[in-house]
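Work through the exercises below with the sequence and the model open. Each task is followed by a solution in steps.

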Amino acid sequence: QVQLVESGGGSVQPGGSLRLSCAASGFVLDYYAIGWFRQAPGKEREGVACISTSDGSTYYAGSVKGRFTISRDNAKNTIYLQMNSLKPEDTAVYYCARSLHGPASLSRNDFAYWGQGTQVTVSS
């Protein structure tokens, strides 16, 4: 059974950092693209970052470029999202997701399996 479990969320002040983790099981991590998405109250779920299956290429939403870094450890079946220079507008529930097929974009339509989400709150 495919399972994704996020952790590492919390409350931080603007300018602070958090690292989210996603523990994956039930599939071979390297065969799929993994994405991080977020959803704030009253807003649509949006793609934040994605890491490819083959060469490890990464893709980011313009709003987080230079601040967030996605990575994965295939041996540990774990995906990370390092978030630096956090802003109040980063406040959301963050989800990791696995692609339906190998290739994927930042579109949620490319992903079939989702974790339960972890809350990130950035405020003074």
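**Exercise 1.** Determine the handedness of the link of C22 and C96, and locate its two ends in the chain.

Solution. Step 1: the angle about the S-S bond is 55 degrees, and the link of C22 and C96 is right-handed. Step 2: C22 belongs to strand β3 and C96 to strand β9 (residues 92-99), so the pair, 74 residues apart, links distant parts of the chain; strands are DSSP runs of E with at least two residues, numbered from the N terminus. Step 3: the S to S distance is 2.0 Å, where a disulfide requires cysteine sulfur atoms within 2.5 Å. Step 4: a search of the whole structure returns one disulfide.

The model is predicted: local features need pLDDT of at least 70, side-chain atom pairs count only at pLDDT 80 or more, and totals for chains, interfaces and linings use all residues. Residues are numbered from 1 along each chain as its sequence is written, and side-chain values use heavy atoms, with hydrogens and water left out.

**Exercise 2.** Are C22 and C96 buried or exposed, and which cysteine sulfur is nearest to C50?

Solution. Step 1: both C22 and C96 are buried (under 20% relative accessible area; exposed is over 50%, partly exposed in between; 1.4 Å probe, protein chains only). Step 2: C50 is in no disulfide, and the nearest cysteine sulfur, that of C96, is 12 Å away. Step 3: C50 counts as buried because its relative accessibility is 2%.

**Exercise 3.** Describe the surroundings of S21.

Solution. Step 1: S21 is part of strand β3 (residues 18-25). Step 2: its relative accessible area is 17%, so S21 is buried. Step 3: leaving out residues up to four places away in sequence, S21 touches V5, E6, S7, W36, T78, I79 and Y80 (contact: heavy atoms within 4.5 Å).

**Exercise 4.** Which arginine lies over the face of Y95, and which ring lies under the charged end of R98?

Solution. Step 1: R45 lies over the face of Y95, 3.8 Å from the ring centre (NZ of Lys or CZ of Arg within 6 Å of the ring centre and within 35 degrees of the ring normal). Step 2: the charged end of R98 sits over the ring of F27, at 5.1 Å from its centre.

Conventions
Helices (H or I, at least four residues) and strands (E, at least two) are DSSP runs, numbered from the N terminus.
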